[in-house]
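User: Hello! I am new to this structure and would like to learn how to read it. Could you take me through it step by step?

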Amino acid sequence: MLGFLTRPLHRLLSLLCPGLRIPRLSVLCAQPRPRAMAISSSSCKLPLVAVCQVTSTPDKQQNFKTCAELVREAARLGACLAFLPEAFDFIARDPAETLRLSEPLGGKLLEEYTQLARECGLWLSLGGFHERGRDWEQTQKIYNCHVLLNSKGAVVATYRKTHLCDVEIPGQGPMCESNSTMPGPSLESPVSTPAGKIGLAVCYDMRFPELSLALAQAGAEILTYPSAFGSVTGPAHWEVLLRARAIETQCYVVAAAQCGRHHEKRASYGHSMVVDPWGTVVARCSEGPGLCLAQINLNYLRQLRQHLPVFQHRRPDLYGNLGHPLS
């Protein structure tokens with residue numbers, strides 16, 4: 001079923017910034033194979049992005065079939081860019097299975113996605129590919145790699161997750177990503193896309209505002225956090241972290257998420273969403289696999305940054321390097 005809603009004006013923003021023009025934000029939320037729906041001509045002036053929510057399993061081909069169906073639906077609805085979550089390729093039962101199922105970027109699975117991007121004529125954010133890197137033979141470990149494909153299927157950017165999730169949350173079970181994964185060495189410069197300049201990150205990266213600020217200062221207009229959040233941290237932290245990253249950077253935030261039970265050992269929170277630069281959730285997925293759509297209004301972003309010029313007010317002379325561990 002496909003729903004359509006229009007958000008009211010941000011009354012508080014109008015009071016704070018009387019000269020700021022607030023757009024009406026149109027949101028589409030969909031399950032697989034929704035009925036067709038007309039979009040007004042005024043809506044079509046703004047780029048549309050699709051956020052896909054899936055329940056990956058160890059079955060790579062079934063996962064691809066599910067993702068491909070959502071990507072084709074996104075293209076049919078007029079999206080210029082579709083976002084897939086972390087571990088869109090698979091979620092294994094243990095580190096040994098993760099390593100066994102992993103592939104290099106030049107492998108069969110990425111070739112299928114390059115063909116899908118060409119077929120649909122839209123960009124793809126592949127939010128966390130289990131990549132066997134060039135050092136695979138030496139390390140026997142992989143990278144959690146965010147891959148960005150253009151509409152011709154070419155790889156235009158890769159970001160390897162820099163913050164690995166080694167945590168032990170009561171009620172959620174331990175996670176030690178570093179058992180099978182190497183941290184990436186660097187950030188990726190924001191990439192120009194039909195929706196705006198995108199800064200690439202992955203899941204646990206959202207807990208580090210230094211990363212989001214660095215991407216915004218490098219020109220990002222959209223931050224993307226493909227994720228597989230757990231059932232304890234999800235309700236407590238998911239939305240508030242995403243909204244905080246949007247507010248502090250004055251960027252759109254796009255977060256495609258895993259949802260549901262992947263196998264007997266793991267489940268994910270879901271709640272994929274898009275947050276605007278004011279911190280408003282303008283689109284979110286309902287329960288289960290599906291997609292939601294949101295317009296990206298860069299004029300709104302620029303006006304907001306003009307009226308609230310926080311980046312001009314920063315005092316790096318006072319903060320210094322905030323990346324050091326607590327003493």
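**Reading the cores, loops and surface**

Analyst: Let's begin inside: the largest nonpolar core holds 49 residues, and Trp-238, Leu-242 and Val-274 have the most contacts within it. A nonpolar core is a set of buried Ala, Val, Leu, Ile, Met, Phe, Trp, Tyr and Cys residues joined through side-chain atoms within 4.5 Å. Another core lies apart from it, with 30 residues, including Leu-84, Leu-110, Ala-117 and Cys-120. Please keep in mind that this is a predicted model, where local features need pLDDT of at least 70 and side-chain atom pairs count only at pLDDT 80 or more, while totals for chains, interfaces and linings use all residues. Residues are numbered from 1 along each chain as its sequence is written, and side-chain values use heavy atoms, leaving out hydrogens and water.

User: What share of the residues in the chain is buried?

Analyst: Buried means under 20% relative accessible area, exposed means over 50%, and partly exposed is in between (1.4 Å probe, protein chains only). Here, 53% of the 327 residues in the chain are buried.

User: How many helices and strands does the chain have?

Analyst: Helices (H or I, at least four residues) and strands (E, at least two) are DSSP runs, numbered from the N terminus. This chain has 9 helices and 18 strands. One of the strands is S7, residues 155-160, where Thr-158 is found. Thr-158 counts as buried because its relative accessibility is 19%. Beyond its neighbours within four places in sequence, Thr-158 is in contact with Leu-105, Cys-145, His-146, Val-147 and Glu-188.

User: Which side chain has a polar contact with that of Thr-158?

Analyst: A polar contact is a pair of N or O atoms within 3.5 Å; within protein, one must be able to donate a hydrogen and the other to accept it, and residues adjacent in sequence count only if both atoms are side-chain atoms. The side chains of Thr-158 and Arg-160 are joined by one of 3.3 Å. For a second example, take Thr-193 in strand S10 (residues 191-193): a polar atom of its side chain lies 2.7 Å from the backbone oxygen of Gly-196. Thr-193 is buried, with a relative accessible area of 12%.

User: What about the backbone: what is the phi of Gln-140?

Analyst: Most residues other than glycine have a negative phi. Gln-140 is not a glycine, yet its phi is positive, about 55°. Gln-140 sits in the loop between helix H5 (136-139) and strand S6 (143-149), and is partly exposed at 39% relative accessibility. Cys-203, also not a glycine, has a positive phi of about 40°. Cys-203 lies in the loop between strand S11 (196-200) and helix H6 (209-217) and is buried, with a relative accessible area of 7%.

User: Is Leu-322 buried or exposed?

Analyst: Leu-322 is exposed, because its relative accessible area is 54%. Leu-322 is in the segment after helix H9 (316-319).

Technical notes:
Contact means heavy atoms within 4.5 Å.
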